[in-house]
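Look at the sequence and the structure below before reading on. The paragraphs that follow go through them part by part.

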Amino acid sequence: MAKTETLDYHFRRIWHNISRIYNTEASKYGLTMSVGFLLLSIEKNGTPSTQLGPRMGMEARSLTRTLKNLEEIGWIEKKNVDSDARVTRIFLTEEGLKKRKIARKAVLSFNEKVQGHFSPDEMAQFFSICYRIEDILDKNEIFTND
């Protein structure tokens, strides 16, 4: 089988291109793609820091370092707001909200431009296939010997 006939080849290639496009746009505003997605993942009422890693698909070390940097530059703040002092929620500051708006605009623009090249039926089929692939991956049925 040729590499161009494998799913992972296309996933990697497409993700590399998406990442490059987002990072090029984000750099105009002092952002990176991963910081933009992190800002988009923080909810209005704060988000427990333990939920951000799984949402982002980030390792704990990278997430901790990124959160520390964002706190130092004033885009986020950490607060203990629950009765359990061990639970820390992340909130966006005013500057963080401004950067989040920039990231949101970029994501919406990207999606609008790409989806504009496909019919609603093609997009529905694409999302259906993506959900099915996610389901297969979630069940970890890839390398079983059944």
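A residue is called buried when its relative accessible area is under 20%, exposed when it is over 50%, and partly exposed in between, with a 1.4 Å probe and protein chains only. Helices (H or I, at least four residues) and strands (E, at least two) are DSSP runs, numbered from the N terminus.

This is a predicted model, in which local features need pLDDT of at least 70, side-chain atom pairs count only at pLDDT 80 or more, and totals for chains, interfaces and linings use all residues. Residues are numbered from 1 along each chain as its sequence is written, and side-chain values use heavy atoms, with hydrogens and water left out. The predictor's confidence in each residue, pLDDT, runs from 0 to 100. Its mean over the protein chain is 90, and 97% of the residues reach 70 or more. Helix H3 (residues 49-56) has the lowest confidence, with a mean of 84, while H5 has the highest, at 96.

H4 has 13 residues, and from its first C-alpha to its last it reaches 18 Å, close to the 18 Å expected at 1.5 Å a residue; the expected span is 1.5 Å times one less than the number of residues. Buried in H4 are Leu63, Thr66, Leu67 and Leu70. They cover an arc of only 100 degrees around the axis, which puts them on the same side of H4; the arc is that of the directions from the helix axis to the C-beta atoms. On the face turned away from this buried side, H4 carries the exposed residues Arg61, Thr64, Arg65 and Glu72. After H4 comes Gly74, with a positive phi near 85 degrees.

What covers the buried residues of H4? Among the elements that do so are H2, H3, S2 and S3. Contact means heavy atoms within 4.5 Å. Leaving aside neighbours within four places in sequence, Leu38 is in contact with Leu63, Thr66, Leu67 and Leu70, and also with Leu52 and Met56.

The sheet is open and has 3 strands in the order S1-S3-S2, with antiparallel pairing. Strand S1 (47-48) and strand S2 (76-79) stand at the edges with a single partner strand each, so one side of each is left without a neighbour in the sheet. Two strands pair if DSSP finds at least two bridges between them; S1 and S3 are joined by 2 bridges. Pro48 stands opposite Arg89 in S3.

Thr93 lies in the loop between strand S3 (89-92) and helix H5 (94-115). Thr93 is buried, with a relative accessible area of 15%.
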